[in-house]
Amino acid sequence: MGIPGEGGRVRVAGLRLTDFRNHHETRLDAGAGHVVLVGENGAGKTNLLEAVSFLSPGRGLRRATLEEPARKGGPGGWVVSADVDGSEGRVTIGTGIEPPAGSPPRARRLRIDGADAPTVDALSDHLSVLWLTPAMDGLFTGATSDRRRFLDRMVLAIDPGHARRAIDYEKALRERNRLLEGHRPDPAWLDALEAEIAALGVAIAAARRELVDCFRDVAAGSAEAGSAFPAAGLALQGSIESELTELSATEVEDRYRQRLAAGRYRDAAAGRTLEGPHRTDLVVTHLPKAMPAADSSTGEQKALLIGLVLAHARLVAGLTRRTPVLLMDEVAAHLDARRRAGLFAELDALGAQVWMTGTDPALFSELGDRGRLFRVADGAVYD
């Protein structure tokens, strides 16, 4: 799958933060190449990456509540604004929350070129943001929910409607669980909810399957190209996803709806819905060794995760005809010189803008003039 031409390259040309984490007023002019943020731990490097991650739908790379990014000692609101250059020219995006004027909850606001946007889904029209953070190092051995969330972020990058389907699905599940807690729940109401759950659940599972199918070709291409990072194989472990390999979506939806109706007493006793795509697991394999990722060494898992993120970035670029913006927090710290050089070469081949952090500028020496280095200290940025 090819990489977009020059018209498909997207970059964050300028970033402005107001009362975001430890940044009171920060301005950063990124330039044309990669962005390297260097400074001591706690200086505010990752906060800058988090700010960029809020240029995509969702809760950012830390999965923060809306209030959490507000600077301590500040007025209680925060703003992230960015100039984004893409195939259609420059667009200015602003997002954040206003200082509290009344009772919570407060809504996240989004403005694009000075006009209010109806939903954060509008961000997907302008850029895709992918990230790799140290918190993801335990992805293959950690909780199933973490892998499922990672999977859904992968899907969201190529299918902006996936987030809304997931939100509506979870809302319908909660409503069904609430009804089942009652003494005599209304069967007609349950029928309607279960029909909605089945339709949304199958749509979610189908989108995940499509992502996995597309990823297979990209992973094979990475292996053939001699990547410095092992290729990852992806598979889905879930009843709905499995049925979609043999049956039509309509047939799977009917079967799921019937199982939901038959399982009401069981789910009422458990206090939750025991079957559906909300219980699916993402199974990752180290393809060169034909080994489950969870059984690989710590170093192999780190390399595999980097390879997976790079392959996903290539997939996003190929399907959307637009390069994603990549955020890589402390990515070079545990790589040897060969792997670092391989990483930078693959990032160059991808053509995407990458924002990277580290404590030692020497880790990025192989980048040369392909990256612009900024020093970060006490919530301030120095060129």
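Setting aside neighbours within four places in sequence, Met356 touches quite a list of residues: His34, Val35, Val36, Leu37, Met328, Val331, Phe344, Leu347, Phe364 and Leu367 are in contact with Met356, where contact means heavy atoms within 4.5 Å. The model is a predicted one, in which local features need pLDDT of at least 70 and side-chain atom pairs count only at pLDDT 80 or more, while totals for chains, interfaces and linings use all residues. Numbering starts from 1 along each chain as its sequence is written, and side-chain values use heavy atoms, with hydrogens and water left out.

Met356 also turns up in the largest nonpolar core, which has 93 residues; Leu343, Trp355 and Met356 have the most contacts inside it. Such a core is a set of buried Ala, Val, Leu, Ile, Met, Phe, Trp, Tyr and Cys residues joined through side-chain atoms within 4.5 Å. Helix α8 (residues 298–320) supplies the largest share of this core, 12 residues. A second, separate core of 18 residues includes Tyr169, Leu193, Ile240 and Leu244.

Next comes Gly358, in strand β13 (residues 354–358); strands are DSSP runs of E, at least two residues, and helices are runs of H or I, at least four, numbered from the N terminus. Gly358 counts as buried because its relative accessibility is 0%, with buried meaning under 20% relative accessible area (1.4 Å probe, protein chains only). Beyond neighbours within four places in sequence, Gly358 is in contact with Leu37, Val38, Gly39, Lys45, Glu330 and Phe364.

Then there is Arg176, in helix α3 (residues 162–181). Arg176 counts as buried, since its relative accessibility is 0%. Leaving out neighbours within four places in sequence, its contacts include Leu190, Leu193, Glu194 and Asp267.

Key. Buried < 20%, exposed > 50% of the residue type's maximum accessible area, 1.4 Å probe, protein only.
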